[in-house]
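This briefing is meant for a reader meeting the structure for the first time. It takes up the strands, then a helix, and then the nonpolar cores.

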Amino acid sequence: MFVKQISIFIQDEKGRLADICDLIGKAKINIKGFTMADTAEGYGIFRVLTDDPEQTQDVLSKSGFTVSTHDVLTVKVPDTPGGLSKVLNTFSEKSLNVEYMYATAGTLIAFKLDHIEKAVQVLKEIGVEVINRSQFLSM
């Protein structure tokens, strides 16, 4: 039900993102979604969703990058005014904390939550589609 996200800790230097994307591309891995966050200390976290997270982690680790994995929930947020608000309010009402989120394609949003299994249940209760890994990879 979850999608494996790869988080890469990188220095804020010219060409570092290109280096990472080159390594991923040369390994014939497709990036399906991403976000970049910077920190005040001159570092950043590049979070990616790929079609082969295990190989992505292996390729980047072997190239000296600090890499971690996390489960994220990919959700097809209703493409209507207030659609995202509906999802976020539901999480809030059910005491689910959104640690971060980012758009991947169209209205598909990746959520990192404190209780991901509970989130799946509450989204189903309100009729919001959760996208599993195989569905995500076929998009």
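Predicted model: local features only at pLDDT ≥ 70, side-chain atom pairs only at ≥ 80, totals over all residues.

Contact here means heavy atoms within 4.5 Å.

**Strand β3 and its partners**

- Of the 8 residues of strand β3 (residues 43-50), 6 are buried, and the strand is therefore largely enclosed by the rest of the structure.
- Strand β1 (residues 3-11) is paired with β3 in the antiparallel sense over 7 bridges; within this pairing I6 stands opposite V48, while I8 has F46 as its bridge partner.
- Strand β2 (residues 31-38) also runs antiparallel to β3 and is joined to it by 7 bridges, with F34 standing opposite V48.

**Strand β1 and strand β4**

- Besides its pairing with β3, β1 is joined by 7 bridges to strand β4 (residues 66-76), and these two strands run antiparallel.
- One of the positions in this pairing is S7, whose bridge partner in β4 is S68.

**Helix α4**

- Helix α4 (residues 116-125) has I116, A119, V120, V122 and L123 among its buried residues.
- An α-helix has 3.6 residues a turn, so residues three or four places apart point the same way.
- The buried residues of α4 are covered by elements including β4, α3 (83-93), β6 (108-113) and β7 (129-131).
- Just after α4 comes G127, which takes a positive phi of about 80°.

**The nonpolar cores**

- In soluble globular proteins, nonpolar side chains tend to be buried together.
- The largest nonpolar core has 16 residues, of which L73, V75, V87, F91, F111, L113 and L123 touch the most other members.
- Two or more residues of this core are given by each of β4, α3, β6 and α4, and the largest share, 5 residues, comes from α4.
- Leaving aside residues up to four places away in sequence, L123 touches L73, V75, V87, F91, V128 and V130.
- Apart from this core lies another one, made up of 13 residues, among them I6, I29, F65 and V67; I6 is also the residue that stands opposite V48 in β3.

Methods: Residues numbered from 1 in each chain as written. Heavy atoms only, no water. Buried < 20%, exposed > 50% of the residue type's maximum accessible area, 1.4 Å probe, protein only. Helix = DSSP H or I, 4+ residues; strand = E, 2+ residues; numbered from the N terminus. Pairing = 2+ DSSP bridges. Core = buried A, V, L, I, M, F, W, Y, C linked by side-chain atoms within 4.5 Å.
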